[in-house]
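The sequence and structure come first.

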Amino acid sequence: EQAAALMANPNTQERGIRLLLHVTERNPGFAGAKIELGKGLIGQGDLINGIGHLMTAAAIGDEDDNAKVETIAAELVELLPTAPQARRLLGRAQVKLGKFEEALVTLNTATALSGSNLFLTPDLAAANVGIGRKLLAQGDIMRALARFKEAKELDPLNRDVGVALGEGY
């Protein structure tokens, strides 16, 4: 609450960021603080570190946290439509929210913008696993297996991908 009050005032925003840095160092699993820190850093023009904190928040946060990250990321994509990092953040939040088809479109756009999917492979694999599990639940085993195999090609050492492939078989 104290950090939020500091962040709301442009004259004390720097103190708010320092407080949030301290809070996130002491409690790295506090997704809400990571979100506020990410927003603050982006607001100060530190896009890379801001997105980094938001990526961490997406990884550790619950559904509400990821909904916030998705909103912030969508705004970033609007402001910076050619920034693959913003789309990766949006795609990761979409995966965490179970919006796998949307995430795949978002992440494929990020791949096209960056010219490589190297840094996107875990997120692309997770989206494919999510789509595959939906297909499996619908009884479409062959298409589900195809998604799981695609995920395995993208991220061959990912344990979740291996589990999903086993579920398919």
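**Basis and terms**

Buried stands for under 20% relative accessible area, exposed for over 50%, and partly exposed for what lies in between (1.4 Å probe, protein chains only). The model is predicted, so local features need pLDDT of at least 70 and side-chain atom pairs count only at pLDDT 80 or more, while totals for chains, interfaces and linings use all residues. Residues are numbered from 1 along each chain as its sequence is written, and side-chain values use heavy atoms, with hydrogens and water left out.

**Salt bridges**

A salt bridge is a side-chain nitrogen of Lys or Arg within 4 Å of a carboxyl oxygen of Asp or Glu. This rule gives seven salt bridges. In one of them, D140 pairs with R143, with the closest N and O atoms 3.1 Å apart. R143 counts as exposed at 51% relative accessibility, and D140 as partly exposed at 24%. Salt bridges with shared partners join R88, R92 and D123 into one network.

R133 and E167 form a salt bridge at 2.9 Å, N to O. R133 belongs to helix α8 (residues 121-137) and E167 to helix α10 (residues 159-168), so the pair ties together parts 34 residues apart in sequence. Helices here are DSSP runs (H or I, at least four residues), numbered from the N terminus.

**Packing of α4 and α6**

Helix α4 (residues 47-60) packs with helix α6 (residues 84-96) at an angle of about 10 degrees, the axes being 10 Å apart. Axes are lines fitted to C-alpha atoms over the stretch in contact, and angles run from 0 to 180 degrees between N-to-C directions. α4 and α6 are therefore roughly parallel (an angle under 35 degrees).

Note on methods. Helix = DSSP H or I, 4+ residues; strand = E, 2+ residues; numbered from the N terminus. Parallel < 35°, antiparallel > 145°, perpendicular 65-115°, else oblique.
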